[in-house]
Amino acid sequence: MENPEQRDQDKTLIGDPTQINATQENEKIIEWEDFGHELARLWSLTSALKEANEKKLNLQEKLQYFIQVKTESLTRLNELEEMRERLVARKVMMGNMSTRCKVATEDAKKQEKMLSAELRSWLVAGTSLSVARKRLQESNRTLNEKRGYIKLKNMQRKLRARQQYMISQVSLLYPVKSLVGPAQEEELESYPSSSTLGNSSVSKPINCGTLTILGLHLTMRPFTKMSFFTDKKEVQKSATALGYVAHAVSLIASYLQVPLRYPLRLGGSCSYVNDNVPPAGPTTLDLSWKTPLSATVKPVEFPLFLKGQDTTRAAYAIFLLSKDIEQLLNFIGEDSLGPRHLVANLKELLRCVQSSEFIDTS
């Protein structure tokens, strides 16, 4: 069968005289004797060309294989790099988790120690509570009997006698005496009326002379008529007398086991009285009943002296000290003589405690 390319070439040679002439010029005339050699040479060239083509194909296949292997190697390297990065991230995460686990372990150990300590304290408290309960039951059984009631009364009398003795020592330490003379003034005569300071009781006049505590007389004149010409010695004596009264009241309250409504901060002639003033404003209406008093009340100090202080604050401090003495008088069942009679109320308190009725009071 004739080759299409040969057919086209023949047509070209027939149709184009120029190409026919060029072909005729390139044609080589071979002698018959050299035809065998020429044919052998062409055959060898054909074989060499075929081998070269085969080698080329082999090299092309190998090159393609190497390219594929290189591509796969690069892909594997990229995957290994990603895996390495992931491994590093996992190591960092494991380190963080290990640190957190150590911290959590230490916290757990601390919590365990705290809980064990609390458990031991609760066990001790439970044991103490059970012992106290047994004692209370025994005391109740004892009190239910007639002898128990008599024993209780005797214990109360002993306690009252001990309190009376301790307070008598206070009266010896701070003696309150009356100096009768022609010039008598009502103690704290310039003190504001009880109606303005919120005291419902009516002040009782005292005509027992001038009262002194440890030889010092207390008057309110410097507290209301303070001026440049006021005697500094009189001011210092009044502050010292107020310090004596505050110390005596503090001792008596501790012996009677009475918490004062207006606590005292002792400092000799520079003592203070604390007043628990509730916070002002509408926020007080929003306070819950569960809120403790200490969280809602802010104590305010008022001076029991005039040096460098406001006279109004000092006068109010004396009023609060008088209310503390009134509280102690009410505790033993006695009435106050009024807020103007500070030293007189203290003298009345000492007299009532040292009387025989104090021990017999049930």
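Colleague: What does the secondary structure of the chain come to?

Modeller: The secondary structure comes to ten helices and six strands. The model is a predicted one. Of the 362 residues of the chain, 26% count as buried. The accessible surface is about 26,400 Å², and 58% of that surface belongs to carbon and sulfur atoms.

Colleague: Which share of the contacts with a separation of 6 or more comes from residues 24 or more positions apart?

Modeller: Such residues account for 67% of those contacts.

Colleague: Why is M83 called exposed?

Modeller: The relative accessibility of M83 is 53%. Exposed means over 50%, so M83 counts as exposed at that value. The residue lies in helix 3, which covers residues 32-144.

Colleague: Which residues make the nonpolar surface patch that includes M83?

Modeller: L74, L77, L80 and M83 make the patch, and its area is about 410 Å².

Colleague: What makes E38 and R41 a salt bridge?

Modeller: The closest N and O atoms of E38 and R41 are 2.1 Å apart. The limit is 4 Å between a side-chain nitrogen of Lys or Arg and a carboxyl oxygen of Asp or Glu, so the pair E38 and R41 forms a salt bridge. Side chains of opposite charge can pair when their charged atoms come close. E38 and R41 are three residues apart in helix 3, which means that about one helical turn separates them.

Colleague: What makes E348 and R351 a salt bridge?

Modeller: The N to O distance of E348 and R351 is 2.7 Å. It is within 4 Å, so the salt bridge is counted. These two residues lie in helix 9, three residues apart, about one turn of the helix. R351 is partly exposed, with a relative accessible area of 48%. By this rule the count comes to five salt bridges.

Colleague: How do you know that strand 1 and strand 2 pair?

Modeller: Strand 1 (residues 176-179) and strand 2 have four bridges between them, in the antiparallel sense. At least two bridges are needed, so strand 1 and strand 2 pair. One of the bridges joins L179 to T210 in strand 2.

Colleague: How many bridges pair strand 2 with strand 3?

Modeller: Two bridges pair strand 2 with strand 3 (residues 216-217), again in the antiparallel sense. The pairing needs at least two, so strand 2 and strand 3 count as paired. I213 stands opposite L216, and T212 has H217 as its bridge partner. The hairpin of strand 2 and strand 3 has two residues between the strands, and L214 takes a positive phi near 55 degrees there.

Colleague: Why are strand 1 and strand 3 called edges?

Modeller: Three strands form an open sheet in the order 1-2-3, with antiparallel pairing. Strand 1 and strand 3 each have a single partner strand, so one side of each is left without a neighbour in the sheet. Helix 9 (residues 342-353) lies across strand 1 and strand 2, running at about 120 degrees to strand 1.

Colleague: Which way do the residues of strand 2 point?

Modeller: T210 and T212 point one way from strand 2, L211 and I213 point the other way, and all are buried. In a regular strand the side chains alternate between the two faces of the sheet.

Colleague: Why is L260 called buried?

Modeller: L260 has 17% relative accessibility. The limit for buried is under 20%, so L260 counts as buried. Its place is in the loop between helix 6 (232-256) and strand 4 (264-265). Not counting residues up to four places away in sequence, L260 touches V249, A253, D324, Q327 and L328. L260 and L328 are 68 residues apart along the chain, and their C-alpha atoms are separated by 8.3 Å.

Conventions:
Residues are numbered from 1 along each chain as its sequence is written. This is a predicted model: local features need pLDDT of at least 70, side-chain atom pairs count only at pLDDT 80 or more; totals for chains, interfaces and linings use all residues. Side-chain values use heavy atoms; hydrogens and water are left out. Patches are made of residues with over 30% relative accessible area and no salt bridge: like charges are joined within 9 Å, nonpolar side chains (Val, Leu, Ile, Met, Phe, Trp, Tyr) within 5 Å. Accessible areas come from the Shrake-Rupley method with a 1.4 Å probe; for residues, only the protein chains shown count as cover. Buried means under 20% relative accessible area, exposed over 50%, partly exposed in between (1.4 Å probe, protein chains only). Contact means heavy atoms within 4.5 Å. Axes are lines fitted to C-alpha atoms, for helices over the stretch in contact, and angles run from 0 to 180 degrees between N-to-C directions.
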